[in-house]
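Let's take a friendly walk through a protein model. Have a look at it first, then read on.

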Amino acid sequence: MDRVRTNRRVKTLVASAIPVTWVVVLLLVPYALLLIQSFWRLRNGTLTHELTTENYRRLFGTSLYPATILYSAGVALRVTVFSLLLAFPVAYVLAFKVRKHKTLLYMAVIIPLWVSYVVRAYAWKIILGQQGILNGLLMSMGIIRTPLTVLLYSTAAVVLALTHIYTPFTLMPIYAVLDAIPPALKEASQDLYANRWRTFIHVILPLSLPGVVAGCTFAFVLSMGDFLAPQLLGGNDSALMVSNLVWSLFGVAYNWPLGAAVSVVMLALTLVLLWVAGRVEARGSYGGEARASVTDYAAPV
Amino acid sequence: MLGALLAGCGGGGSHSNAPHGLASKIAITATGDARADAATYLKQLCPKPIGGELNFMVWEGYTDSVFTAPFERACGVKINATYMGSSDDLVAKLRAGGSQTIDLVSPSSDAITEIIQAGLAAALDTTRLPSFGDLMAGFRALPVARSGGKTYGEPWAFGPNPLIYDSTKVTPRPVSWAVFWDDRYKGRISVQDDIATLYMVAQYLGLDDPKDPAKLYNLSDADLDKVKAKAMELRPRVRKYWSTAGDMTQLFQSGEIVLGEGWPLMTHQLRAVKFPAAEVIPNEGTTAWADHWVLTSGAQNLDAAYAWLEYAAQPFTQKMLADVTGYIVANPGARAYMTPEQATGQHDISEYGAHVNFWQWGSKRDKYQEIWNAVKAAQ
C-alpha cells in the first residue's frame, strides 16, 4: 500500500519536474535577472555592479518614458476596441449561424496568422502609400484630388496593421466560448418569451465575457509590446512605441539598466492587467465548460 | 613555400597553425578587368582552401556577392554577414558578447575608437598584410584606428552624408540644409533614425567649428537644447525616418519623399534603376565617415580573416566595392580599373576635409541618444 503511494508520489514529482524547471529556468530566473539589472549603474558606458534607483528616477523624471508608455497604451487600446468590434460579430456568426463548412470558415479567418508579420506590414505599405492602391482608387473615383498622406506612416497605419494582425487572437477565445454555449440555454431563453435581442443581452453576452476579456487582453498586451509596426509603418510622430524604446536602450545606447527598468515597469503593468482581467472573468463566467480564461493561454510579455 | 615560412615567423602571437602564404605580396599581371584579376589573384592567395567560416557585421553593401562570392569559392570560406543599423548598434552588439562570435567588423570613424578602447578589437599584424602599404597614406595615418602604437584598422572606404534629392521635383539645386525647413517640401523628407540627424541639425545651426571637429560630438547642454528645438521643428516635416538604405531608396521610388539626408550608396542605387537622384554637400557642410576593417578580440579563424583583409586591400576588390557603393575607396590603385568618369569621384582623404567633419565618438553619446528618442516620441 505504502509502496504504491510512494511510487505515485515519485511519478508526480518527475512529471511536474519538467514544467517546474521550465518555469523557473525560462521565466522566473530571467525576470529576476531583469529586475536586478534595473538597479545597476551605468558608468561611462560600462555596467558597474552598484545598486542604485537612478534608472527608475530617470524613467519617471524624463517625460520621454512615461509619454511613450502612455502613447503605446493609447495605440493598444484602439487596437483592442477595433479588434473586438471585428472579432465578436465574426465569432458570433461562426458559432451560431454557420452550419456547413464551419471549420473551413474558421480556418479562413485564422489563416492570416500563417503569413509572416513583415510580409503583412509591407502589404499595407503597398495599399496605403501615396501611389498605393487605396489612394489610386479614391482618386480615380474622384473622391480626392491629391493623395492622402495620413494613410501611411501615421498612427492610423500602425493601429490598422496591428488590428489586422491581432484580430485573430481576439477572435479565437471569443469563438471558443460562444461555440461552447449549450444550445439549450438559448432555447430556454426563447421559451421564456425573450426575443433575440434580450437573449443576446441576458444570455449570450454574459456567457461570452470570459472569452471577450481573454481576447481583449491578447490584443492589448501584444500590440502594446509591438515594435515592428511603428518601425515599418510609423511616421514622424508614430515611430516610437515602448518596445522601440527598450530596443534602443539595449541595442543602441547600451544602457541595459535603464532598458531593464522600462521592461520591469511594462511587466508590472502587464501583470496588473492580467490580474484585473482574471477578476473580471471570474465574475463573468458561470462555471460551465465554456471557459476560456486569459490565464489559460497567456504568457506575460 | 617561402611565403608560408615567412608567415609562420611573422604570425607572432596569433594562432599560426598552418598559415597560408600571406606574408609575401602576390603580384599578378593586371588586365584592367577587375573580376578576372580577382580570380587570378585568389588562385594564388588560396592555393588550397582555408575552410571554415567568417562572421561579419558590416554596413550595407560591404559584402556584396560581386566580390565576396569569388573569395568564398577560391578560399573555401563561408561568409555570414549581418548588417549594422548604426554605429551604436555595432558597439552594443560587440559589447553584449558579439566580439566572441563575430570575426570582422567595418566600424566608421566614431565606433572604431570605442571598440578599441573597450578592448573589443584585436591589433592587426600588418606583416601578414603585405598590401597594407598600398592603401592611401592619409587614411592609414588617421589616429582613430591606432592605439598604443598598434594598428587596429585596415582602411576600406570613406564618404560624406550628402543631401540626396529628386532632381525633377526639387529645383533649384539645394545649397543649404535650410531646404529641410522649407514649406514646399513639408512631409516629403526622410532623415536617418539615428543621432547623425542631430549632427546635421547642429551643422545647420552653425554649431560645427571647422577648427575643432570634436566639438560637434561633444556639444554643451545649451547647444544641445538648441539642436533639440530645431529638430522638433523638423519633425512634422519628416515623412518617415529611415533605418536602412533600402528604406530610403524605397521612399524615393514610391513617391513618398523628394529629399533627405543619406549615404552615397543610395544615390548610386537609385541611379542604377534610372531614378533621377542627385546629391550635394550643402554650404554648412556635412558629416562624413571613414570605415575600416577591424578584427574582433574573439576572432578565431585568423588565416581566413587575414586572407580576407589582404584581398580587401587589392585594387580590383576596391574597384568592385566602388561599383557597388559609389564610395571613395582606400586603394588609389583602384582608379586604374575605372572609367575616367568613375575615377573623378575618387579623392584623397587629405584633400577631402574642408567641408566635411568625420564622425567621432563623443563623451555624451547617451545624452544624444535620449534627445533623439525624445524628438521621435509622441508629444
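Let's start with one pair of residues: B:S190 stands opposite B:K240 in β10(B). Before going further, note that this is a predicted model, where local features need pLDDT of at least 70, side-chain atom pairs count only at pLDDT 80 or more, and totals for chains, interfaces and linings use all residues. Residues are numbered from 1 along each chain as its sequence is written, while chains are lettered from A and ligands numbered from 1 in the order in which they are written.

**The sheet**

Strand β9 (residues 189–192) of chain B is joined to β10(B) by four bridges, and the two run parallel. (Helices, H or I with at least four residues, and strands, E with at least two, are DSSP runs numbered from the N terminus; two strands pair if DSSP finds at least two bridges between them.) Both belong to an open sheet of five strands in chain B, in the order β10-β9-β11-β8-β12, with mixed pairing. At the edges you'll find β10 (238–242) and β12 (277–280) of chain B; each has a single partner strand, so one side of each is left without a neighbour in the sheet.

**A covered helix**

Is helix α12 (residues 315–325) of chain B mostly covered or mostly open? Mostly covered: nine of its eleven residues are buried. Buried means that 20 or more other C-beta atoms, placed from the backbone, lie within 10 Å of the residue's own. Among the buried ones are B:F316, B:K319 and B:L321. Just after α12(B) comes B:G326, with a positive phi of about 75°.

| Domain of chain B | Residues |
|---|---|
| domain 1 | 2–158 + 290–347 |
| domain 2 | 163–280 + 353–376 |

Their C-alpha centres lie 29 Å apart. The contact between them takes 14 residues from domain 1 of chain B and twelve residues from domain 2 of chain B; two residues are in contact if their C-beta atoms, placed from the backbone, lie within 7 Å. On the domain 1 side, helix α5 (residues 111–117) of chain B gives the most, with three residues.

The chains meet too: 21 residues of chain A are in contact with 24 residues of chain B. On chain A's side, α3 (64–97) and α11 (242–251) each supply at least two residues, and α3(A) gives the most, with four residues.

Definitions and conventions. Domains from an automatic or database assignment. Buried ≥ 20, exposed ≤ 12 C-beta atoms within 10 Å, placed from the backbone.
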